[in-house]
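Biologist: Happy to have you here! Shall we go through the terms one by one?

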Amino acid sequence: MSTVFTKSAPGREGVWPKQPEHDLSDLLPAGLIREVPAGLPSLSELDVVRHFSLLSRKNYGVDSNFYPLGSCTMKYNPKFCEDVAGLPGFARLHPLLPQLPRGDELTQGALEVMYESERWLAEITGMHDFTLHPMAGAHGELTGVLIMAAYHADKGNKKTKIICPDSAHGTNPASAAIAGYEVVSIASKDGIVDPDALAEVLDDEVAGMMMTCPNTLGLFEKNLPKIVEMLRSVDALLYYDGANLNAVMGKMRVGDAGFDVVHLNLHKTFATPHGGGGPGSGPVGVCEKLAPYLPISRVVKDPSGRFHLRYDYPKSIGYVAPFYGNFGVVLKAYAYMLRLGREGLIKVSENAVLAANYMRKRLDDVLEVPYDRICMHEFVASADKQSHKGVRALDIAKALLDKGYHAPTVYFPLIVKECLMFEPTETESKETMDQFVDDLRDILALAETDPAAVQAAPVTLPVTRLDETAAARNMHITEDM
Amino acid sequence: MFPTDLKYTPSHEWAKIEGDTATVGITSFAQEQLGDITFVDLPSVGAQVTQGSEFGSIESVKAASELYSPVTGEVIEVNGALEANPELVNQEAFTGGWMMKVKLSADPQGLLDAAAYEKTAVSCH
Amino acid sequence: MPYVPHTTADTRAMLEVVGVDSVEELFAEIPQTLRPKSFDLPAGMSEMATRAKLEDLASRNSTNLVSFLGAGFYDHYVPSAVDALTMRGEFYTAYTPYQPEASQGTLQAIYEYQTAVTRLLGMDCSNASVYDGGTAIYEAVMMAVRQTKRVKVVISETVNPIYRILLGTYTVNLKLELVTVPHVDGATDFAAMEKAVDKSTACVVVQSPNFFGCVEDASALFAAAKAQGAVNIISAYPVMASVIKTPGAMGADIAVAEGQSLGLPMSFGGPYLGIMTCTKALVRQMPGRIVGRTTDSQGRTGYVLTLQAREQHIRRQKATSNICSNQALCALRCLAHLCLLGEEGLRRTASASIGNARYAAGKLAKIPGVTVLNNGPVGNEFAIRLPRPAQDVCLAMIGRGFVPGFPLGRYYPGLENCLLVTCTEKHSRRDIDILAAWLEDEL
């Protein structure tokens, strides 16, 4: 499909404001005026609407396709949440209003949403306090690591290292590194963190450890109490990557379990849409001793029930976002939490775990499941067996696209060969999962009899497999004028 | 399997030492592991490199790896052809895919010969 | 239970396949000692009741004020079609385009976005976005630090103060030397900036139009900094970029911008859009996703995520950034907005906004005791000095339903009497006339 730039017809009117009263040359000196036009397209509104409508049809999304992309929690995003975020009382609110004299009074509704969202998340996770400012999961990680660093600096601790298990999301080591830490990786044993491996690298220079629980293999970290105790012994902090919180709401609170810092992905567990890559929201929760280091501003409630933004926290790490985070995303998550309530949130986790185990059991005779025991909200299978016939995990993923499904996550975590990670989520019906399982079993059967057919997939989509090597070597990342 | 006139490192670089000059590249085994090479980041001429330290990096579509110098000295030439044709590393790892030439300022220590390298490369995979 | 479709029979059948008697058994690995000490949350509500509660909360925000508040975040008109298109489920319920064959819509849109913003800013390359204009400056500084292997960052005090605070937070543990060059009556002190640049300087950072609204040409500074081997970074205002000298024309190596003014609601501070562009020479230092054009096995054009070896999922602790999720849907809104307005529509928006600011500055300057802080060229905002504290005046004006601007004293000690006044194409002459009349009243 040709790009929107090739559809341009100079002079064609789009959504133009009325003709300005001044010529630009009356408003700015000649030397400051742009010399050549930008080269933006000139299109009618219909041209634009048709272009993007046609583009949208080249995408799989949760609204149209089952999307069992492991570790991404692609659950259904309720429509009413979008309406709520679009209410003019929120959408038209300028972020600097509360910084005006008595500005808090102009934004009581928004401040209440933030205050209440923090309280909900704190109760769900058992943490003492939350900030909503981080604008995505990785941003939450960085915020969390900066809080850990501020704590150690304040205590006069000389800490230089952060430990990440080898099953960790790539963002964990990256976040620790850009905050200035050396990253130490430790190997897993039986799919979970090995306390012996931890003991080998644990010393006084360790600032903390980043963990995902359940981990990226979908397994619960059984040695958690032992790990907490070990870290405490050297005044190291334990960080919880909340990417997988969807599994444990109402079953385990990370604060009770001994974690000191946690980030959540509202675009996963709390059903805000991912938008093809964002915006997300990555609130960070901390235990009581870390609360003084949270970013500013903080929202507080006074005895009369009024809400205020406060900036006077001398130990705070400062601003991590220009304002209060991705407020529009927080709003949708808040609406979702209100709608579900206590029982609903518990049911989310129960059904997410049930669905993952159901799919695991329906597939473990045809795909190797390296840790074939009760999993949490996702499970990891391996196409190692199939790869000997030449059909790799990637081929299976592509064949699923042909059947109308988004593929599971492939080749992550890195510690399982030919890895396929499935996360059905709680919002998919048994019928959908059954059909998916049948179709996947068909693909695996075809892999035995006609591997070439699987290797050729996809054949029903707008494009077949794309040449990523050529893309990286030739680097066409913008359209020529 | 590996040219016997070259010296090797356990991190899969090779060096061809001729007098006080060494030509450096990565082995055919390393390029196979990385897959289709898309980019090679090399030092500038005149830069100092140290045996065992990073001198650049190499990228394929799904992997990236640091390059560690097998020798110590000053970079006197880099292979400009790799900028437009990084695939040379895949096609001619030991010849046209060379990366830099170094004027040696110290004798390299502990490099492997072809047989020892083959043993290392095979044993860890 | 909303959004969970399983009937009792479904649940029973699934439990049977799993081989357990109850859902609770699935959680047996979580020891009792780790079970929640409390889970004290309210009961759920119907969709109708939830909406009503949120409508009530929304009504407790003052969005009916006539506002001249901007300071980097602007109320420009957004065409209705922007919402209609970006709310298509195929776009907004998709994940990051990891499977390109099933994500050509998102991928082509990002490629078109990259093209649109590089053209707008006069640069070579763009990524798929970062979180906002402030984190974009931080990422730009880190690109420069990596590229030059130097540690000194020279930044003008006329760069949005919120972004400067943010930069300080992120770099606190990194042994960088941040040098902030004070403004002169709201103008960038180019001479002092140039003086501060030496062989240890990784980058210079400026903003145009700057925080005070002044439209400035950094060309000479950039030429001088480049001669010292530093990277030139500029933060732009993308609406204004359609009419003023571009970052590219000034010699910028990295141009960043807050993209909120291109089709995003103000939404109390986010989600916004960090636009990030650079020269070709720096593209491998870029953080985050980049989309590239290629061909499929049958020779058809298609799009993929490219240069991924820079990123955290491959390079882990050696990645150029930790960013994973970005602001893709906001980038799509930005692209749709730019397409709907087109070149002419965007230029008109900019001219009308500047024209309104010109008119407002003229009106306000006539009020006895009010002076314009800087008489140089401005875009759509300008700072004025009042005869008494801007906070007090602002408070009185809010009482009349007008936000007259942003009191600068909060971020600029010494400018307690100064107010930053912003206009867009949405303001009418009548709005401005009333602003002037009532402000005169209050003084």
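Modeller: Let's begin with contact, which means heavy atoms within 4.5 Å. By that rule, 27 residues of domain 1 of chain C are in contact with 32 residues of domain 2 of chain C. This is a predicted model, where local features need pLDDT of at least 70, side-chain atom pairs count only at pLDDT 80 or more, and totals for chains, interfaces and linings use all residues. Residues are numbered from 1 along each chain as its sequence is written, chains are lettered from A and ligands numbered from 1 in the order in which they are written, and side-chain values use heavy atoms, with hydrogens and water left out.

Biologist: What are the bounds of domain 1 and domain 2 of chain C?

Modeller: The assignment gives 66–76 + 342–442 for domain 1 of chain C and 80–336 for domain 2 of chain C. Their centres, taken over C-alpha atoms, are 28 Å apart.

Biologist: How much area do the two domains of chain C bury between them?

Modeller: About 2,300 Å², with 68% of it on carbon and sulfur atoms. Buried area is the accessible area (1.4 Å probe) that two parts lose on being put together, summed over both. On the domain 1 side of chain C, Phe73(C), Tyr411(C) and Tyr412(C) lose the most area to domain 2 of chain C, together 28% of what that side buries.

Biologist: Why is helix 5 of chain A called oblique to helix 10 of chain A?

Modeller: The axes of helix 5 (residues 108–125) and helix 10 (residues 327–363) of chain A come within 10 Å and cross at roughly 45 degrees. Angles under 35 degrees count as roughly parallel, over 145 as roughly antiparallel, 65 to 115 as roughly perpendicular and the rest as oblique, so helix 5 of chain A is oblique to helix 10 of chain A.

Methods. Axes are lines fitted to C-alpha atoms, for helices over the stretch in contact, and angles run from 0 to 180 degrees between N-to-C directions. Helices (H or I, at least four residues) and strands (E, at least two) are DSSP runs, numbered from the N terminus. Domain bounds come from an automatic or database domain assignment.
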